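These are my notebook entries on one structure. I set down what I looked up, entry by entry.

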Amino acid sequence: MLDKTFDPKTAEPRLYEAWEKSGGFAPTDDPNAEPFSIVIPPPNVTGSLHIGHALNNTLQDVLIRFERMRGKAALWLPGTDHAGIATQMVVERQLALSGNLSRRDLGRDDFVAKVWEWKAQSGGTIVNQLKRLGASCDWSRERFTLDEGLSAAVRKVFVKLHKEKLIYRDKRLVNWDPHFQTAISDLEVEQREVDGHYWHFAYPLEDGSGEIVVATTRPETMLADTAVAVHPSDERYKAVVGKAVRLPIVGRPIPIIADEYPDPEKGSGAVKITPAHDFNDFMVGKRHNLPVINIFDDFARINDNAPPEYRGLDRFEARKKVVEAFEALGLLREIEKTRHTVPHGDRSGVVVEPYLTDQWYVAADVLAKPAIKAVEEGDTVFVPKNWEKTYFEWMRNIQPWCVSRQLWWGHRIPAWYGPDGKAFVEETEAEAQKKADEHYGRPAPLKQDEDVLDTWFSSGLWPFSTLGWPEKTGDLARFYPTNTLITGFDIIFFWVARMMMQGIHFTGEVPFKRVFINALVRDAEGKKMSKSKGNVMDPLELVDEYGADALRFTLTAMSGQARDIKLSRQRIEGYRNFGTKLWNATRFCQMNGCARAEGFDPAAVRAPLNRWIVGETQRTAAAVTEALADCGFADAAEGLYRFIWNQFCDWYVELAKPLLSGADAAAKAETQATAAWVLDVILKLLHPVMPFITEELWEKTADLGAPRPQGGFLMTAAWPDLPAALIDPAADAEVALIVETITEGRSVRQGLNVPPSAQPPLLVVEASAEQRRVLEASAALVQRLLRVAEVRFVDAAPAGSIPYVVAGATLALPVADFIDIAAERTRLTKEVAALTADIDRTAKKLANPDFVGRAPEEVVEENRERLAEAGAAKAKLEEALTRLGGAAGA
């Protein structure tokens, strides 16, 4: 007999260990099995499981368990990313704390050795956390972006792209982190809103005829100005375009140019142009062939290109000094307070500078074309489809991709420089040396490029490098292209696009056939989770409190909510109760002798109740199969919940009690066998979403269900494929009549505040002969479940009866003896009026564009939900009022 409750704390680790030991996570080696593969979005080796990981990996696991049970060779390939800057930061902090050392004190080789040491001891924590969630990855194939196989793939790709002239070295602006002294990607830049100032500076015209006023939030960059720009249509400046101003402090004459970039409506309409320290200015500079003067060093200190009194100053010290100098010169016209966004390094927390450096670039526009075409032609599809627009907008406007980073941890760029600076790009130093010796006609000393590659470069190869490319491995032939990628919308640009470009270029095929974009998990009020707000929900704490299954079901059930999931503990608790409900229903079946009869055929059952539940089981199996095959995770969860809780646990178990305790031995045996069969199917259908409790029930109830192989896990059982012929419309109609009679009757009682203790009769006023037969046969059941004194067949209902219609039959509950109908009508009318007023107020607010445009997103969403809830409540009250109006004799 099952224990009274399921204990996830003891069951989950035991079951996971058994699964892993069984080898069931690996794809079947049956050559006839259809391959189905997913590669995990590799979490950072420094990472720990957050709620976004929990959602993303739950959905992957649901899909892989589903396809595994469908008999496919299902591979979920796991691994971690070396996470260049994040990992380097962790180890640098440890060095600083342990001995006040920096990486430069150690030197490159010793520092990298320290990072590998840290990775061996502490890296990969997240892998064990994924196991706690139930992730059924094939851990025997686990990869790391810096393992030898992947490193070889990275070198080959870099060299091939370079030989194809699709990788090149160029001097351009990058996002520069002065703390780490490296270029960083857009994804690593955090835009923060800060209080600041606009300083309005006057630049005197070179000919002494006047001045032009420009405004800037970064006064220190004026030391690198090379022009002032105005819009060509701005009449105020037509006479001075082509003239020059003398740059204050520096004393350098710079031209006044006409360009589309300045906004005549903003400020004075004139802007300073600093090509070396602003991305927009850099493009203006290119259009007008302006000089590019860099005034910063790698630490964002002023360099020798500025006047002597500024050299060596920190950028913010230089800012103060520049403002003081303008004031002293009488050229400071205004200081205006402002609130504006300033880019910060997401890990260092310092202000990021647009910085002119020599970097390695990929010609992304060339690689993007086939990747765009692949989505246009449906070789890869996005789910939901609207994310294709985001993908296309980015890809069609893609810029050169800066792939070099000034770090020590990562894939070192396979480029070696000769004495004259010429680069030799080869997969090994020996090959580079050979090419250099041929070029110079003698042995030449070479020095390898100091930089490493952007982590997105190696993770962009993930779908094929993890399967063994460039070697022609069996895994690559069998599992590439992969089937489905599940990821967040925030890395469509940075990861999905990179994989599409590189996958197509190097294999000739798309890396995945479908991209499922999951939502963002927010708190119960719809606010983004953050440590500063104190609203972060730790998935591991939630697993400890509610069990992995409850969290998994919650995330799966809510995954259909567009961009945002509002997660609350109450929802998780509710789905834990769902698991408990199934557990209790299984215990009920055990206690009532339910066991699958040998040779049981669900198509041969005779009792209408059993024919009905068999048909509902088929419908659910078909709907859940279709939903999961289409990544309709929320639809699958909703269908499972409705069937298991409402139809099986509530109605079938309740309606089966008379059959299980009755004198008809054949009906009892059939019901016991049917219940056991349905439970078997339920456990299979629910397993991908709630693997632990279903596996435990499967193991503990082997005597109830189908014969199972020794040690056979539910995880590897066959997915139910039930014929549509199991549906019996006549049985459906019969059971529906009983269920709706009780359900609608309860609704009448509840809506009119009929006391629970009151037991009026249920009157059958009008019904077909078949309906009368069914209601007469089930009278005792209806009487008990609806809490009525009797089921009576009458020609007309007496005064004070509340009629309701079920499947064309007219029923009535005489309630005049239990409630004051007039007082009840007054109460309902007042409640409807109050809800109407609330609905009007909320609707008016939502119709106001100012409110919708300015209010926080979560506040707008809260009002929309309030409107929907009030509308539903009003409809119920109005229905009750209508029933009162139809009360016989009222």
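Which side chain does a polar contact of 2.6 Å join to that of Ser136? I found that the partner is Asp61. I take a polar contact as a pair of N or O atoms within 3.5 Å; within protein, one must be able to donate a hydrogen and the other to accept it, and residues adjacent in sequence count only if both atoms are side-chain atoms.

**Basis of the entries**

I note that this is a predicted model, in which local features need pLDDT of at least 70, side-chain atom pairs count only at pLDDT 80 or more, and totals for chains, interfaces and linings use all residues. Residues are numbered from 1 along each chain as its sequence is written, and side-chain values use heavy atoms, with hydrogens and water left out.

**Ser136, continued**

I located Ser136 in the loop between α6 (125-133) and β4 (143-144). Helices (H or I, at least four residues) and strands (E, at least two) are DSSP runs, numbered from the N terminus. Ser136 counts as buried because its relative accessibility is 0%. The cut-offs I use are under 20% relative accessible area for buried, over 50% for exposed, and partly exposed in between (1.4 Å probe, protein chains only). Leaving out residues up to four places away in sequence, I list Phe25, Asp61, Ile64, Arg65, Arg68 and Trp76 as touching Ser136; contact means heavy atoms within 4.5 Å.

**The chain as a whole**

I recorded 29 helices and 29 strands in the chain. Its C-alpha atoms fill a box of roughly 110 × 65 × 55 Å along the principal axes. Of the 890 residues, 54% are buried. Taking contacts between residues at least 6 apart in sequence, I note that 78% join residues at least 24 apart.

**Arg405**

I next looked up Arg405, which belongs to strand β17 (residues 404-405). Is Arg405 buried or exposed? Arg405 counts as buried, because its relative accessibility is 5%. The side chain of Arg405 makes a polar contact of 3.4 Å with the side chain of Asp454. Beyond four places in sequence, the residues in contact with Arg405 include Thr182, Ala183, Ile184, Ser185 and Glu188, and also Asp451, Val452, Leu453 and Asp454.

**Helix α19 and its cover**

I then turned to α19 (residues 569-591), a helix of 23 residues. From first C-alpha to last, α19 reaches 33 Å, close to the 33 Å expected at 1.5 Å a residue; the expected span is 1.5 Å times one less than the number of residues. The buried residues of α19 include Ile572, Tyr575, Phe578, Gly579, Leu582 and Trp583. Among the elements covering the buried residues of α19, I list α17 (539-546), α18 (548-558) and α21 (633-661). Just after α19, Gly593 takes a positive phi of about 70 degrees.

**Helix pairs involving α18**

I found that α17 and α18 pack at about 120 degrees, with axes 7 Å apart. That makes α17 oblique to α18. Axes are lines fitted to C-alpha atoms, for helices over the stretch in contact, and angles run from 0 to 180 degrees between N-to-C directions. Angles under 35 degrees count as roughly parallel, over 145 as roughly antiparallel, 65 to 115 as roughly perpendicular and the rest as oblique. In this pair, Pro539, Leu542, Val543 and Tyr546 of α17 meet Ala548, Ala550 and Leu551 of α18. By class, the contact of α17 with α18 has 7 nonpolar, no polar and no charged residues. Ala, Val, Leu, Ile, Met, Phe, Trp, Tyr, Cys and Pro count as nonpolar, Asp, Glu, Lys and Arg as charged, and the others, Gly among them, as polar.

The axes of α18 and α21 come within 6 Å and cross at roughly 120 degrees, and α18 and α21 are therefore oblique to each other. Here Phe553, Thr556 and Ala557 of α18 meet Phe633, Ala634, Ala637 and Tyr641 of α21.

**Backbone entries**

I noted a cis peptide bond from Trp469 to Pro470, with omega near 15 degrees. The bond from Tyr480 to Pro481 is cis, with omega near 0 degrees. Ala300, though not a glycine, has a positive phi of about 65 degrees and is buried, with a relative accessible area of 1%. Ala807 has a positive phi near 50 degrees and counts as exposed at 59% relative accessibility.
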